[in-house]
Amino acid sequence: MADTFDIGLGNSDFKTRKIADSDFVSFWNKQAKNLSWFSSWSQTLDWQIPYAKWFVGGTINACHNTLDVHQSTKSDKTAIFWEGENGDSRVITYGDLFIEVQKFSNVLKSLDVKKGDRVTIYLPMVPELPIAMLACARIGAIHTVVFSGFSAASIKDRIVDSKSKIVITADGGYRKGKIVKLKEIIDEAIKDIDFVKHVVVLERTKNKISLTSKDKLWNNLMNDASDSCVAEKLDSTHPLYILYTSGTTGKPKGVLHGTGGYLTHLYSTFKWAFDIKDSDVFFCTADIGWVTGHSYVVYAPLLHGATQVMYEGAPDYPDASRIWDVLQKYKVSIFYTTPTALRMFMKFGDDIPNSFDLSSLRLLGTVGEPINPEVWKWYFTIIGKQKCPIIDTWWQTETGGLMISSLPGLETLPLKPGSGTLPIPGVDIGIVDENGLDVPPNTKGYLVIKNPWPGMLLTLWGDDKKYENVYWSKYKKYYYSGDYAKKDDDDYIWLLGRSDDVLKVAGHRIGTAELESCIVSHNDVVESAVCGIPDEIKGEVIIAFVILKNGITSSDKLEKEISNKIRHDIGAIATPAQIYFVSKLPKTRSGKIMRRLLKAIANNETIGDTSTLEDSTAVTEVKSVFDEIQKVIKEKST
Ligand code: WTA
C-alpha cells in the first residue's frame with residue numbers, strides 16, 4: 001500500500017467533478033465565461049473526430065486577457081520579478097508590461113508582420129521573451145518559440161517549417177556563468193533562407209556582435225514605437241502558437257494551439273491546481289522554450305493577474321544554494337519545478353535548503369516526468385515542511401495544460417507520492433489495452449483521452465495527415481498519448497513512462513528517430529540505435545549504439561565527432577551519455593531494431609523472449625561489447 005498524505009485546501013464534496021462528468025461540454029462552456037470575450041460563441045464544441053473547435057463564433061485575444069483586463073485594478077501590481085543569472089534584476093508591473101507589449105506590437109507591425117504570420121523567437125529567459133510572445137498574440141501573429149539550447153540546424157528546420165518571416169533573438173544569454181551567443185547561432189541558421197526579412201536583436205549581454213542588413217536592434221525599434229496598439233479581435237480557434245516537439249518519427253512536429261479553448265484550460269487549471277490567490281508569488285522554473293513555460297510562466301499566471309518570479313539561468317549557479325536564495329528573496333508561495341531539478345537539489349543535501357527561510361511556501365508542484373516517491377517525500381518534508389500539498393501534474397505539449405493533478409484549489413484529496421491522482425474535471429482519461437478496452441485496476445495499459453478537452457492541440461502545423469496518424473490511428477476514437485499508466489483501486493493514476501520511442505532526459509522530450517538519423521548522417525556510420533537508461537538525476541540518459549562502415553575503426557576521436565555532430569545538429573540536451581561501437585544490432589525478422597532489448601542489455605537485465613530475433617548472435621554481441629565497455633569504465637574509475 002502506498003503512503004497517503006491527507007492535505008488539501010479545498011472541500012471534499014467533489015461537486016465540480018460531478019457536474020463536469022455529467023456533461024463536459026456545458027461544464028467547459030461555463031468555465032470559458034471566466035475570460036473576457038469580444039463576442040460570445042454560438043457553439044461550445046464542434047467535434048469532428050479528430051478535430052475539435054471550441055467556442056465557435058466567439059472572438060477573443062490572449063494578450064487582451066493577460067494585460068488589458070488588469071489595467072484598471074492592477075496596473076501597479078508586480079507581474080514579474082526578474083532575476084538574471086549574473087545578479088541583474090528587474091521589477092515589471094502589469095502597467096509596464098502593457099506599455100512594452102503595445103510598443104512591441106507596433107514594432108512588429110512596422111516590420112510588416114500581419115495576422116497569421118509566423119514569428120520565430122529565440123531568446124534567453126528575459127522579460128522581452130514574454131513581451132515578444134504577447135505582442136504576437138496581440139496582433140494575431142503566431143509565435144514559435146525555440147528553446148535557447150537548440151542548435152542552428154534545429155532552428156533552421158523550425159524556421160523553414162513555419163516559414164517565419166521574422167526572427168527575434170539576443171546578442172546572448174547567461175547560462176552557468178557563460179554567454180550563449182544566440183545571435184551567432186541565428187546567423188548560421190538563416191544564412192541560406194531568403195524569406196526571413198528581419199532579425200530583431202536584443203542586447204542582453206552586450207557581447208560583441210556583427211550586424212547584417214537584416215538586423216535591427218530591439219531598443220532602437222522600441223524607441224520609435226508608439227505605446228498604443230489595439231488588440232485584434234480573433235476567432236476562438238485562431239492559432240496562438242506553434243511549439244515544436246519530438247515524436248517517434250523524423251523531425252520534430254509543430255504542435256499548433258488555438259486561443260479560446262487553450263486559455264480556458266489554463267485559466268481553470270491554474271485556479272484548481274495552483275489555488276492561485278492575489279497575494280501569491282508564483283515561481284515556475286521551466287524555460288519558456290518548453291510548453292510548461294508557455295502555459296504556466298506566460299499565459300496562466302498573467303491571465304490571473306498573478307505575481308511571478310522569472311529566473312534566467314541555471315538553478316545551481318553560482319552554487320547549489322541559488323534556487324533557495326531566489327525563493328527566500330522573493331517570498332515565493334507557490335513553487336513548480338521538475339523531478340530532475342529536485343533530484344539534483346536533494347543530492348546537494350538538506351543543510352542548504354534548511355539554511356534558508358522558505359516559510360512563505362504554501363504549495364509545491366512537479367511536472368515533466370515521474371517523481372520517485374522518495375524524492376516526493378523529500379520535497380514534502382524538507383522544502384514544504386509537511387504543510388504544503390504537492391501537485392504532481394501530468395500533461396504534454398499537445399494537451400496545452402495539465403490533465404492529471406491533485407487540485408488543492410478545488411477539493412481535498414489524499415495524496416500518494418508518485419501518483420498524479422485524478423484527471424482534472426471535464427477530462428476523461430482511460431487506461432486501455434491494444435484493442436482499446438479498459439484494463440482492470442492495477443494493470444498497465446496505454447493512457448488515452450476519451451473526450452476532447454479545451455487545451456487540445458488544433459493539429460500539427462501544415463500536416464493534418466501526421467496529426468491523424470500520430471494521435472488518432474492506434475485508437476480511432478481516443479487520443480493516444482504515447483504513455484503507459486495504471487489506475488489503482490482508488491482510481492488514482494500512476495504514470496509508467498513512454499510506450500513509444502520518445503525519451504525523457506532531464507524532463508526534455510527527445511525522439512530516438514531524430515537522434516538516429518543525425519548519427520547515421522555521419523560519413524563513417526552505417527546504422528545506429530538509441531535508447532534510454534535510468535539515471536539517478538536526469539531520470540533517463542541516452543545510450544547510442546553505432547555500426548561503422550566497413551574498414552572504419554572505432555576511436556575516441558570518432559566518438560567525439562559523433563557527439564559534436566549531435567550537439568551541432570540538434571543541441572546539447574540530446575548528447576548521449578555513452579556511445580558504443582558494435583558490429584550488429586538486434587533486429588526483428590521484419591528488420592526493426594529491438595530497442596527493448598538494447599535497453600535491457602544496457603541495464604544488465606535479463607533479455608526475455610528473443611524468438612522474433614533475426615539473428616540472435618547480435619544480442620550476444622551487443623551484450624559482450626557492452627560488458628567489455630562496462631569493464632573499461634569500472635577499471636577507469638578504480
Ligand atoms: C511525461 C511536459 C510522469 C510523459 C509538460 C508525457 C510525465 C511527456 C509527467 C510530455 C508527470 C509529463 N509524471 N510523466 N507528472 N508530466 N510527463 O510534451 O511521458 O515535454 O507524455 O510536456 O512527459 O512531455 P512534454
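A polar contact here is a pair of N or O atoms within 3.5 Å; within protein, one must be able to donate a hydrogen and the other to accept it, and residues adjacent in sequence count only if both atoms are side-chain atoms. Before you click around: this is a predicted model, where local features need pLDDT of at least 70, side-chain atom pairs count only at pLDDT 80 or more, and totals for chains, interfaces and linings use all residues. Residues are numbered from 1 along each chain as its sequence is written, and side-chain values use heavy atoms, with hydrogens and water left out.

**Stop one: the ligand**

Select the ligand and E369. A polar backbone atom of E369 sits 3.3 Å from a nitrogen atom of the ligand. On its own the ligand exposes 530 Å², and the protein buries 94% of that (Shrake-Rupley areas, 1.4 Å probe).

Which elements give two or more residues to the shell around the ligand? Colour α11 (291-303), β20 (390-393) and β25 (493-498). Helices (H or I, at least four residues) and strands (E, at least two) are DSSP runs, numbered from the N terminus. There are 17 residues around the ligand, and T397, D483, R498, K504 and R509 come nearest (a residue is near if one of its heavy atoms lies within 4 Å).

**Stop two: strand β18**

Next, select residues 334-337, which form β18. I334 and Y336 lie on one side, F335 and T337 on the other, and all are buried (under 20% relative accessible area, 1.4 Å probe, protein chains only). In a regular strand the side chains alternate between the two faces of the sheet.

Bring in β16 (residues 281-284), which runs parallel to β18 and is joined to it by three bridges. Strand β19 (residues 363-367) is also parallel to β18, with four bridges between them. Two strands pair if DSSP finds at least two bridges between them. Centre on F335: its bridge partner is F283, and L364 in β19 stands opposite F335.

**Stop three: D215**

Finally, jump to D215 in strand β12 (residues 215-217). Is D215 buried or exposed? D215 is buried, at 10% relative accessible area. Its side chain makes a polar contact with the side chain of K183 (2.8 Å) and reaches the backbone nitrogen of T212 at 2.7 Å.

Notes:
Buried < 20%, exposed > 50% of the residue type's maximum accessible area, 1.4 Å probe, protein only.
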